[in-house]
Amino acid sequence: MALKHAILAALLDGEASGYDLAKGFDASVANFWTTTPQQLYRELDSMCVAELIEADLVVQSGRPNKRLYSITDAGLAVLQDFATKSPKPSAIRDDLLVLVQASDVVDSEAVLGTLAARGEAAHVKLRLYLKRRDHLLNGLPEREYLAQAERVGPYLTLMRGIAFEQENIAWCERAIDALTVRATRDSAGQ
């Protein structure tokens, strides 16, 4: 998937400024796609040139002018074409896993600290995702929400993010436990 597809999908909710998109990426699609503001703005410019999106200039007094982006018919066609292709299988590329793989020969306290920090970060993200889920559901049972929601894609991707962070937490706890057992065994044997 290219960044342009993530932007096109984000614009399905309506027009947005680059700032709104960057903020929205942090809030709505961070569970499956990340980007820097610089990458985002470069891609927005390229997509405007390719006429996949349009930008309307909004003149503001007392603040810098802003551009509001919206998806075009050509952008919708690109998104439709994207939907016809099977996505590449995801692959894990995670520095923490390299560190854990080497945990038998590196400083175990550093590995444990890194695992604890990753687990805490997953807890923070999970709380954010659960809060967003509760906001989307607005007190409705999930089935009722899904039956009446205008769009269900954002909810489904949010559910994947929740499951991902829950698994990150469980794995970090399990890895910490295993490394602690190992360290206890090693210290008892010395």
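Reader: Hi! Is H5 buried or exposed?

Author: H5 is buried, with a relative accessible area of 11%. Buried means under 20% relative accessible area, exposed means over 50%, and partly exposed is in between (1.4 Å probe, protein chains only). One caution: this is a predicted model, where local features need pLDDT of at least 70 and side-chain atom pairs count only at pLDDT 80 or more, while totals for chains, interfaces and linings use all residues. Residues are numbered from 1 along each chain as its sequence is written, and side-chain values use heavy atoms, leaving out hydrogens and water.

Reader: Thanks! What does H5 touch, not counting residues up to four places away in sequence?

Author: H5 touches V78, L79 and F82 on that count; contact means heavy atoms within 4.5 Å.

Reader: And which helix does H5 lie in?

Author: H5 lies in helix α1, which covers residues 3-10 and packs with helix α4 (residues 73-83). Helices (H or I, at least four residues) and strands (E, at least two) are DSSP runs, numbered from the N terminus.

Reader: At what angle do α1 and α4 pack?

Author: The angle is about 115°, and the axes are 10 Å apart. Axes are lines fitted to C-alpha atoms, for helices over the stretch in contact, and angles run from 0 to 180 degrees between N-to-C directions.

Reader: Which residues meet there?

Author: From α1 there are K4, H5, L8 and A9, and they meet G75, V78, L79 and F82 of α4.

Reader: Switching to strands: which way do β2 and β3 pair, parallel or antiparallel?

Author: Strand β2 (residues 53-58) pairs with β3 in the antiparallel sense, over six bridges. Two strands pair if DSSP finds at least two bridges between them. V58 has K66 in β3 as its bridge partner.

Reader: Nice. How many salt bridges does the structure hold?

Author: There are eight salt bridges, each a side-chain nitrogen of Lys or Arg within 4 Å of a carboxyl oxygen of Asp or Glu. One of them joins the side chains of D104 and R182 (3.8 Å, N to O). D104 lies in the loop between α5 and α6 and R182 in helix α8 (residues 153-189), so the pair ties together parts that are 78 residues apart in sequence.

Reader: Is D104 buried or exposed?

Author: D104 is exposed, with a relative accessible area of 58%, whereas R182 is partly exposed at 38%.
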